[in-house]
Amino acid sequence: MKPIRKAVFTVAGLGTRFLPATKAMPKEMLPVLDRPLIQHVVDEAREAGIQHFIFVTGRNKGVIEDHFDRQFELEHTLIERQRHADLEALARDLPVPGTASFTRQQLPLGLGHAVWCARELVGNEPFALLLPDVLVQHNPGCLKQMIEAGRGVERANIIAVEEMPRERIHLYGVVGVGERRGKLFSITEMVEKPAAEKAPSNLIISGRYILQPEIFDILASEKRGAGGEIQLTDAMIAANIAYALASEEIGPAVRAELEQLLGKS
């Protein structure tokens, strides 16, 4: 797998699940211990070797951009008060100049559309996608583990999953488990919020992805799905089928299986 240099953070949501706390403050800026939620997720990406941080924002999210910029009045006050430790901590959290980019998702058309809005900034290379309202507390971080697990795997879309009790399965996207390869396994299906008795496993999609750039072409032509939104999982299924058909190793078997299924329908 090619090096993963860029990460996309989708921060355009309205945060309606967290009202009234998010009436005037983006949910991504809600504090978790001593720093906002978005800073924890950016720290995870930085630990994984990410060099370019791409934020897909919306209206009233300017405070996120301000957070990743210098504030000279604050710095001046800290210098006057000789709070050097605080100054150093603020400097550590800032991206290197020129490595943070911001683009707008003007319409609330879902996660798939938000990812598509970052296409020009990502370009033609694989990238990471981190959902900032999901914190994964682990050492090493989740994204770093994904990148390590994906070494030697060509042009793969990789999703982090976690186990979930069956009684809560209906709240999440759930994957079907196929052939295993080290810490990875192939995904046979992705089902959005299935009933517990119909779920293909107890493994849910947990908000961390490594995606190939071809996903943008699929998202561009994707029709709106549940809730009138462009669904990322729908596009990933299409991408996985396309890659499988192009594979010399498994392509013929996949084609035969698809033809059989289409014949039955």
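Which residues form one aromatic cluster? They are Phe9, Phe53, Phe55, Phe68 and Phe102. Keep in mind, as you look around, that this is a predicted model.

## The chain as a whole

The chain has 265 residues, and 41% of them count as buried. Its secondary structure comprises ten helices and ten strands. If we take contacts between residues at least 6 apart in sequence, 72% of these join residues at least 24 apart.

## Aromatic pairs

Searching the whole structure turns up five aromatic pairs. In one of them, phenylalanine 9 and phenylalanine 53 are stacked, at 6.3 Å centre to centre and with 25 degrees between the planes. Phenylalanine 9 belongs to strand E1 (residues 6-10) and phenylalanine 53 to strand E4 (residues 52-57), so their pairing ties together parts that are 44 residues apart in sequence. Phenylalanine 9 is buried at 0% relative accessibility, and phenylalanine 53 is buried too, with a relative accessible area of 4%.

Phenylalanine 127 and phenylalanine 216 also make a stacked pair, because their ring centres are 5.2 Å apart and their planes lie at 10 degrees. Here a strand meets a helix: phenylalanine 127 sits in E6 (residues 127-130) and phenylalanine 216 in H8 (residues 215-221), so the pair ties together parts 89 residues apart in sequence. Phenylalanine 127 counts as buried at 0% relative accessibility, as does phenylalanine 216 at 7%.

## A charge over a ring

Tryptophan 116 is worth a look as well. Arginine 119 lies over the face of tryptophan 116, 3.7 Å from the ring centre.

Terms used:
Residues are numbered from 1 along each chain as its sequence is written. This is a predicted model: local features need pLDDT of at least 70, side-chain atom pairs count only at pLDDT 80 or more; totals for chains, interfaces and linings use all residues. Side-chain values use heavy atoms; hydrogens and water are left out. Helices (H or I, at least four residues) and strands (E, at least two) are DSSP runs, numbered from the N terminus. Buried means under 20% relative accessible area, exposed over 50%, partly exposed in between (1.4 Å probe, protein chains only). Contact means heavy atoms within 4.5 Å. Rings of Phe, Tyr and Trp (its six-membered ring) pair if their centres lie within 6.5 Å; planes under 30 degrees apart count as stacked, over 60 as edge-to-face and the rest as tilted. A charge sits over a ring if NZ of Lys or CZ of Arg is within 6 Å of the ring centre and within 35 degrees of the ring normal.
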